[in-house]
Amino acid sequence: LDFKSKAWKLVPLTDCAKLIYKKEIYNLVPGNCRGLLAFNALLDQVVRHAKTKATSMPPPPFQTSPTSIGSINLTTLSQADNATWSKVIHCMTSNLSWLSQCSAELTAQFLGTVVKCVR
């Protein structure tokens with residue numbers, strides 16, 4: 001997908017991945033609502049980017065914005081609302097699966113173009 005963010009950095013660590021937005025650090029650990037909100041904001045940017053690249057793909061399963069996914073507004077969720085947070089995770093993983101399919105489609109298109117050029 002060739003996505004590059006100027007504002008976001010992802011620091012994958014085995015025990016606690018971190019998202020850094022400008023100078024703000026978000027820990028991606030269970031129970032950290034701020035971390036999931038930050039991850040959703042980054043996911044929204046990547047999904048919007050992918051939609052411009054993979055125009056032949058159907059839309060992602062769930063619409064996103066920096067503060068919502070599907071019909072769920074993440075800024076109003078209680079940390080104790082486990083059922084809704086589970087739905088949020090479902091929406092995020094569904095959109096991540098869609099991103100994986102977009103990436104595969106774009107790779108196949110690129111490889112098909114390369115093969116045509118070599119022939």
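I began with the contacts of Trp8 in this predicted model. Leaving aside residues up to four places away in sequence, I found that Trp8 touches Leu19, Ile20, Tyr21, Tyr26, Ala38, Ala41, Leu42 and Gln45.

I then turned to the largest nonpolar core, which holds 24 residues. Trp8 is listed there with Val88, Trp98 and Leu99 as the residues that touch the most other members. I noted that the elements giving two or more residues to this core are helix H1 (33–53) and helix H2 (82–118). H2 gives the most, with eight residues.

Next I examined the strands. E2 (residues 17–21) and E3 (residues 24–28) pair in the antiparallel sense over five bridges. I looked up the bridge partner of Tyr21 in E3 and found Glu24. The hairpin of E2 and E3 has two residues between the strands, and I recorded a positive phi near 55° for Lys22.

Last, I checked the cysteines. How many disulfides does the count come to? The count comes to zero. A disulfide requires sulfur atoms within 2.5 Å. The cysteine sulfur closest to that of Cys91 is in Cys33, at 16 Å, so this pair is too far apart for a bond. For Cys102 the closest cysteine sulfur is in Cys91, at 17 Å, which is also too far for a bond.

How values were computed
Residues numbered from 1 in each chain as written. Predicted model: local features only at pLDDT ≥ 70, side-chain atom pairs only at ≥ 80, totals over all residues. Heavy atoms only, no water. Core = buried A, V, L, I, M, F, W, Y, C linked by side-chain atoms within 4.5 Å. Buried < 20%, exposed > 50% of the residue type's maximum accessible area, 1.4 Å probe, protein only. Helix = DSSP H or I, 4+ residues; strand = E, 2+ residues; numbered from the N terminus. Contact = heavy atoms within 4.5 Å. Pairing = 2+ DSSP bridges.
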